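Trainee: I would like to learn how to read packing from a structure. Please take me through it one feature at a time.

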Amino acid sequence: MKALGAATAGLAAVSADAWAEDGPMAAAIHHHLEAAEQGAVPAHAKFFQPQEFRTVERLADLILPSDGTPGAKDAGVAEFLDFYLAGSPDSAQMQFRKGLLGVEAIAKSKFGKPFVDLGEREQTQLLETMSGAGAEPEQRAFFQNMRRLTVFGLDRKSTRLNSSH
């Protein structure tokens with residue numbers, strides 16, 4: 001678990017520039033930053049199906065757990081990502097959904113259950129497999145994108161919370 005948190009420690013300053021190598025996700029970030037500045041992002045958009053939401057919430061919580069300070073779940077990162085992806089280009093939405101399907105496929109093939117029904121040890125093992133050197137490129141890319149989006153979501157939520165005080 002600490003390995004996942006340590007892997008994200010240096011990502012606090014993630015910006016749109018960090019996504020330059022990932023076309024659809026870079027486009028999604030650019031789209032959202034411009035839309036947010038113009039006030040054009042729908043206020044009540046929903047992207048995730050209930051099972052997807054639970055998976056994203058758990059993934060984000062494993063990546064940035066609460067350890068005396070608010071983690072991804074405490075900060076509502078899954079809600080932010082639901083809003084964020086709802087207004088993203090179709091290509092980014094499809095890419096993200098494909099990654100979630102990959103998580104579920106690995107969970108079911110390795111452990112016989114959906115990701116959210118696994119124990120914390122199994123979930124962490126699955127993420128370590130996806131982020132490791134031996135992972136399939138698509139698995140590693142999804143994990144990296146999920147990690148970046150989690151940090152981005154936590155940063156965006158923290159910025160909004162701090163500016164409202």
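Trainee: Where is glutamate 52 found?

Mentor: Start with how elements are named: helices are DSSP runs of H or I with at least four residues, strands are runs of E with at least two, and both are numbered from the N terminus. Glutamate 52 is found in helix H3. Keep in mind that this is a predicted model, where local features need pLDDT of at least 70, side-chain atom pairs count only at pLDDT 80 or more, and totals for chains, interfaces and linings use all residues. Residues are numbered from 1 along each chain as its sequence is written, and side-chain values use heavy atoms, with hydrogens and water left out.

Trainee: Is glutamate 52 buried or exposed?

Mentor: The label comes from relative accessible area: under 20% is buried, over 50% is exposed, and in between is partly exposed (1.4 Å probe, protein chains only). Glutamate 52 has a relative accessibility of 17%, so it counts as buried.

Trainee: What does glutamate 52 touch?

Mentor: A contact means heavy atoms within 4.5 Å. Setting aside residues up to four places away in sequence, glutamate 52 touches Phe47, Arg97 and Leu100.

Trainee: Let us look at another residue of H3. With which residues is phenylalanine 53 in contact?

Mentor: Beyond its neighbours within four places in sequence, phenylalanine 53 is in contact with Phe48, Ala78 and Glu79. Phenylalanine 53 belongs to helix H3. The C-alpha atoms of phenylalanine 53 and alanine 78 are 6.7 Å apart, though 25 residues separate them along the chain.

Trainee: At what angle do H3 and H5 pack?

Mentor: For helix pairs, axes are lines fitted to C-alpha atoms over the stretch in contact, and angles run from 0 to 180 degrees between N-to-C directions. H3 and H5 pack at about 125 degrees, with axes 9 Å apart. Angles under 35 degrees count as roughly parallel, over 145 as roughly antiparallel, 65 to 115 as roughly perpendicular and the rest as oblique. H3 and H5 are therefore oblique to each other.

Trainee: Which residues of H3 and H5 meet?

Mentor: Phe53, Val56, Glu57 and Ala60 of H3 meet Val77, Ala78, Glu79 and Leu81 of H5. For the make-up, Ala, Val, Leu, Ile, Met, Phe, Trp, Tyr, Cys and Pro count as nonpolar, Asp, Glu, Lys and Arg as charged, and the others, Gly among them, as polar. This contact divides into six nonpolar, no polar and two charged residues. As for H5 itself, eight of its ten residues are buried, including Phe80, Phe83 and Tyr84.

Trainee: How are H3 and H7 arranged, in angle and axes?

Mentor: They pack at about 80 degrees, with their axes 11 Å apart. H3 and H7 are therefore roughly perpendicular to each other. Arg58, Leu59 and Leu62 of H3 make the contact with Glu120, Gln123, Thr124 and Leu127 of H7. Of these residues, three are nonpolar, two polar and two charged.

Trainee: What angle do H6 and H7 make?

Mentor: About 120 degrees, with axes 11 Å apart. That angle makes H6 oblique to H7. The contact joins Val103, Ile106, Ala107, Lys110 and Phe111 of H6 to Glu122, Gln125, Leu126, Thr129 and Met130 of H7. Six of the residues are nonpolar, two polar and two charged.

Trainee: How many residues has the largest nonpolar core?

Mentor: In soluble globular proteins, nonpolar side chains tend to be buried together. A nonpolar core here is a set of buried Ala, Val, Leu, Ile, Met, Phe, Trp, Tyr and Cys residues joined through side-chain atoms within 4.5 Å. The largest has 35 residues, and Phe48, Phe96, Leu126 and Met146 have the most contacts inside it. Elements giving two or more residues to this core include H3 (50-63), H6 (90-111) and H8 (137-163). Leaving aside neighbours within four places in sequence, phenylalanine 96 is in contact with Phe47, Phe48, Val56, Leu85, Phe142, Met146 and Leu149.

Trainee: How many helices and strands has the protein?

Mentor: Eight helices and zero strands. Of its 165 residues, 43% count as buried. Among contacts with a separation of 6 or more, 72% come from residues 24 or more positions apart.
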